[in-house]
Amino acid sequence: MRLKSDIFVSSLLRRVFALGGYAAVLRKGAQEAGAIFIRQRSRLGLETLYAPAPQNFFEEEANPGRKFEMRLQNADAERVDGALSSEIRFDPDCWIVEIELDDCDGLFEIVANDVDPRR
């Protein structure tokens, strides 16, 4: 059984604050199973967008935790806004969490670090 979205988001916020960063829920989605998108802002003004990983990254009996893939890396805010607007149209029950932390290593599982530079 996978952790509810609201519990995962609450835990993520606490961990970011414990590391001295800033975090906020920009959009609250379905409490039980809403998709979670994480918008990471850096000090340089660039952003990275993490999205739920495709189902093929999940093994049937393995860790039921949430996994993310990097959709955009070192992008400007307008590109991230556009990508999130598209996701909201597709899934209005999604969560959007913003974190301001230079390194989000260990906060959540990232399944693929390869980002297409054209994205």
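Start with R39 and E98: R39 stands opposite E98 in β5. Keep in mind that this is a predicted model.

Now select strand β2, residues 36–41. Show β5 too: 6 bridges join β2 to β5, and the two strands run parallel. How many of the 6 residues of β2 are buried? Colour the strand by accessibility: 5 of them are, so β2 is largely enclosed by the rest of the structure.

β2 pairs with β3 over 4 bridges, in the antiparallel sense. Together, β2 and β3 form a hairpin with 5 residues between them. Stop at the turn and pick G45, which has a positive phi of about 90°.

Step across to I38. What stands opposite I38 in β3? It is Y50. Keep Y50 selected.

Now turn to the rings. The whole structure holds 4 aromatic pairs. Y50 and F108 are both buried.

Select F68 next. The ring centres of F68 and F108 are 5.2 Å apart and the planes lie at 65°, so this pair is edge-to-face. F68 belongs to strand β4 (residues 67–75), 40 residues from F108. F68 is buried.

Finally, show F8. Ring pairs link F8, Y50, F68 and F108 into a cluster.

Terms used:
Residues numbered from 1 in each chain as written. Predicted model: local features only at pLDDT ≥ 70, side-chain atom pairs only at ≥ 80, totals over all residues. Heavy atoms only, no water. Phe/Tyr/Trp six-rings, centres within 6.5 Å; stacked < 30°, edge-to-face > 60°. Buried < 20%, exposed > 50% of the residue type's maximum accessible area, 1.4 Å probe, protein only. Pairing = 2+ DSSP bridges.
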